[in-house]
Amino acid sequence: MTISSAPVQSNQVNSSGTGTSQAITLASGITLGNLVVASVACGSNNTTITGPSGWTQATINQPAGGSATIETSIWYMIVNGTHAGETSWTWTFSASHSMYICIEEWSATNGWQASPVDKTANGDTAGSPTTSTTIVSGTTATTTQASELWIASLAYKNSAQTETGITAGWTKDLESTLAANNTMTMLYQVASSTGAAACQYTISSAQFWAGCVVTFMPVIGTTTNKDTSWRAPLSKSAAKNTTFRGVLSKSAAKNTMWRGNIGHTAIHDSAWRAVLALTAAKNTTWRGSVSNIARKDTRWRGNTAHNVLKDTKFRGVLSAVGRKDTAWRGKVAHLAVHDTIYRINISSWILSGKFGVFANGTGTASFKSFRATQYPDPALSLGPVLPRLGTSSISWNDITPAGTSAGMKTSLDGINFSSATNGDPIPGLDGQADPAIDLWTSDTSANYTNTSKSGGSVATVSYDTANSRITLSGGSSGLYLNNTIDADDIDVICDMDESDAGGPAWRVVDNQNYYELGCYDDSSTSGFTSQLRLYKVSAGTRSLLGSASAVIWHRNTEKFSPYKRIRVTMLSNIITVYFDGQIMQTYTDASPLGAGQIGLRNDGGTSRYYQLRAQEQGDYVSGSPAGDVVTGQFVYLEQDLATTDPSVGPQVLDTTISARSPNIATGALISQLHDPTKPFAVKYSDEMTALAEASGDYWWDADQDGETLFAPRQAIPAPFILYSTDFLNKPATQSAGASGVQPTNSADTYRNQQIITNTISLVSVDDEEKVANGTDTSWNLAYPLYSAPTITVGGVAKTVGQKGVDAPGSKDFYWQPGNNTISQDSGAAKIPSGYILTFSYVGQYADQVIENNLAEQAMRQAVEGGTGIVVDIVDGQGMLSTNAVTYAQGLLARNGNNDTVSLIGTTTRPGLKQGMVVPVFLPEFKLNNRQLLIVRLTASGYQKADGSTFYEYTLAATDGPNLSNWAAALGL
């Protein structure tokens with residue numbers, strides 16, 4: 001048996017003042033079977049402490065009298081299935097005092113006893129306590145077991161002091177303190193022999209104090225540190241049943257396996273049986289290999305009587321014939337935290353067999369669902385989109401003659417299916433929404449509600465559209481809320497250049513319940529300067545979450561940028577605060593608020609904003625266990641085809657079902673652009689560029705790790721804002737100005753009319769008739785064929801094949817894509833004269849598509865005269881006209897801006913990447929809040945005299961698809 005030499009994880013917390021409840025968190029979810037210990041103290045010696053669900057108080061030391069106003073206690077919990085995975089707990093106190101909590105999670109090889117407390121003791125038990133420089137835990141009676149975990153909690157009044165002379169063998173792990181109030185420490189010893197547990201240390205200034213100690217017992221048993229195997233070969237026939245049986249009455253630290261190999265015929269049943277009476281800390285596997293004929297049933301049976309911390313698998317391989325049934329049977333009598341799997345791989349044939357479920361014995365067995373599928377599962381796995389879903393879609397192309405229909409349904413469990421809409425997201429999956437972005441280039445006040453916290457007053461909101469900004473001034477706890485978003489998991493960004501008490505607000509359930517971030521620059525008049533303060537308003541009361549974060553934010557200091565990017569994400573109950581790309585605070589709220597609006601706050605003074613960006617996040621995909629294609633979540637597809645005419649039916653040409661990470665957005669739906677006879681890789685770059693153009697203001701890239709990015713321009717915000725002082729005055733760009741940056745204005749790909757030539761339009765033809773003359777064996781139709789036709793002769797349906805694909809003699813008639821000729825099979829008898837041949841088909845004809853941006857044309861006409869039309873022509877290369885319309889509209893959206901900026905510059909600020917959109921402020925060039933996409937970024941390293949390396953980053957960015965900028969960026 002082994003207890004971990006140090007806690008698995010730990011944390012400490014103290015109240016910022018007085019209160020009646022205190023929460024504490026751990027970074028990761030606690031593990032089933034582990035022991036979690038907490039020491040809890042407060043600035044009182046007569047307060048009742050109530051623990052969270054599942055926790056037990058082992059002991060508490062409450063010194064007597066009215067002077068020793070401090071108490072400390074030790075609590076514990078054995079993690080069961082109800083509490084496994086928890087990360088947060090709250091203790092409550094019967095009166096308001098300062099509060100202190102330290103917490104540790106401990107593991108043991110064999111687990112912990114159901115009642116793990118062995119011995120306890122308290123330190124200050126005097127009738128009239130006095131101050132002391134020695135803080136003691138008290139001394140327990142001799143412990144029961146040689147191997148135990150000893151935990152001590154020592155507390156004293158006032159600020160933390162240097163603790164010396166800690167008892168040998170003890171480790172001080174955690175300390176929680178509040179200046180001028182109280183201090184509490186948590187210490188431990190992993191004991192290897194029995195003894196009396198006691199701990200103490202010395203402080204320099206005598207104080208009133210309290211202390212206690214508890215010893216905890218793990219399960220003692222025989223541990224197997226290696227794999228445990230039961231293996232038996234049969235080299236000859238077994239005339240009777242052959243059984244491999246193993247019993248584990250204690251924990252197994254490694255994999256436990258039962259393995260049998262039958263090298264020859266087994267005349268009777270062969271069985272592998274194992275019983276686990278306690279916890280299995282690792283995977284438990286039953287495996288049998290039958291390399292020859294098994295004449296009777298072959299069975300793998302496992303009985304798990306207690307908790308299983310990992311997957312339990314029953315696996316069998318048949319490399320030859322199984323004459324009889326092959327059965328895997330597992331009984332889980334208690335909690336299985338992970339999946340229980342039965343898997344069979346048959347590399348040869350079995351004479352007969354069925355899939356099913358069964359139950360044996362008394363009582364009732366219920367089965368929620370049963371599904372059998374090939375292995376690996378052919379359904380769409382959501383595992384690769386970890387950790388959150390970006391987008392999803394289902395689309396298909398079909399041909400539905402009159403009286404027919406084709407539809408699709410999807411399911412997340414393989415049982416319950418929902419109807420899907422062509423081109424829409426997969427039903428039941430919520431992807432990442434497009435960001436809501438307000439740059440305040442126009443008056444958007446109709447999209448906002450100006451309100452305040454309950455009991456406060458609204459701020460005055462002023463729009464300055466010429467400078468792309470708004471200002472909030474005055475008010476008390478004012479809120480300016482966007483009406484278009486109501487979300488829980490959210491990513492919020494606001495860009496500011498001054499703030500007395502401004503910042504973002506989110507999950508605004510109402511004016512009494514929301515989160516907000518107070519932002520204070522170096523000139524703030526609010527009472528706080530150069531800091532960020534995370535607040536939660538609950539039931540109308542504002543509370544500071546965690547501690548304030550110090551930031552460097554100059555409002556009016558020369559050579560320093562006043563423009564700052566504030567970002568907050570809240571995923572489930574975890575809040576993360578960023579300042580110019582740097583994480584300033586992470587906080588886990590044990591009782592998070594629900595979904596709500598997002599917006600801005602102003603608590604007096606003035607705050608000024610240049611952008612508000614809010615993006616609702618997609619569904620969380622656990623991928624647990626990671627990469628598991630058996631137990632992961634899947635999306636299943638069902639085709640729903642129907643016809644009322646037995647002579648015709650719908651045709652599904654192709655179906656695409658896709659779930660993607662946030663790096664891949666849903667663009668235009670175009671079935672194909674390249675010659676289908678050539679592999680996609682041959683045209684990869686051209687196709688991706690064409691898809692981005694067809695999708696509108698999109699871009700794509702493949703990074704150095706081979707990951708593909710395909711997204712709208714605003715998909716990836718930069719971590720900070722670029723200002724004049726961020727750019728270096730490089731020699732190559734000195735002519736550009738003091739900032740050493742080269743902005744240019746151009747729109748060399750601008751157009752307001754798009755023509756796509758060489759497209760194909762489709763036409764449905766029903767019952768085109770030809771009369772046989774007894775001689776002809778081929779007939780020309782009105783249109784070249786796009787897909788397989790349906791043919792009847794004298795009202796009798798005929799089989800149809802494709803030339804060059806279906807073998808001669810296999811079909812009655814043959815067709816060829818793009819050709820209008822139908823040919824009869826050469827070996828068939830000629831159709832007698834007078835018979836009517838009827839053809840129903842989808843034909844095609846050459847066409848072109850013209851799309852116009854009428855608003856831009858009118859604007860150009862007003863400025864330049866004439867028609868105002870600026871036309872661009874693209875060869876559609878035989879794409880469908882319906883796809884060409886989408887393509888043309890995307891090109892107009894992408895290239896319809898006649899006021900674009902390109903920029904090349906060098907900065908030393910790290911954190912930028914190709915594909916990010918960065919706000920740029922260059923007042924010397926009259927560039928104000930231009931949102932530029934970084935199309936190229938190169939890094940150059942230089943060595944300093946002291947041997948260290950610094951980097952410069954040269955970027956090319958644009959807010960339009962300017963070819964001249966790309967050429968410069970690429971050095972062309």
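A charge is taken to sit over a ring if NZ of Lys or CZ of Arg is within 6 Å of the ring centre and within 35 degrees of the ring normal. In this predicted model, Arg 533 lies over the face of Phe 528, at 3.9 Å from the ring centre.

A pair of aromatic rings is described by the distance of the centres and the angle of the planes. The count comes to 19 aromatic pairs. One of them is formed by Trp 553 and Phe 579. Their centres are 6.0 Å apart, with 50° between the planes, and the pair is tilted. Trp 553 lies in the loop between strand 39 (549-550) and strand 40 (564-571). Phe 579 belongs to strand 41 (residues 574-579), so the pair ties together parts that are 26 residues apart in sequence. Both Trp 553 and Phe 579 are buried.

Tyr 783 and Tyr 845 form another tilted pair, at 6.4 Å centre to centre and 45° between the planes. Tyr 783 lies in the loop between strand 52 (778-780) and strand 53 (790-793). Tyr 845 is in strand 58 (residues 836-852), so this pair ties together parts that are 62 residues apart in sequence. Tyr 783 has 30% relative accessibility and therefore counts as partly exposed. Tyr 845 is also partly exposed, with a relative accessible area of 37%.

Notes: Residues are numbered from 1 along each chain as its sequence is written. This is a predicted model: local features need pLDDT of at least 70, side-chain atom pairs count only at pLDDT 80 or more; totals for chains, interfaces and linings use all residues. Side-chain values use heavy atoms; hydrogens and water are left out. Rings of Phe, Tyr and Trp (its six-membered ring) pair if their centres lie within 6.5 Å; planes under 30 degrees apart count as stacked, over 60 as edge-to-face and the rest as tilted. Helices (H or I, at least four residues) and strands (E, at least two) are DSSP runs, numbered from the N terminus. Buried means under 20% relative accessible area, exposed over 50%, partly exposed in between (1.4 Å probe, protein chains only).
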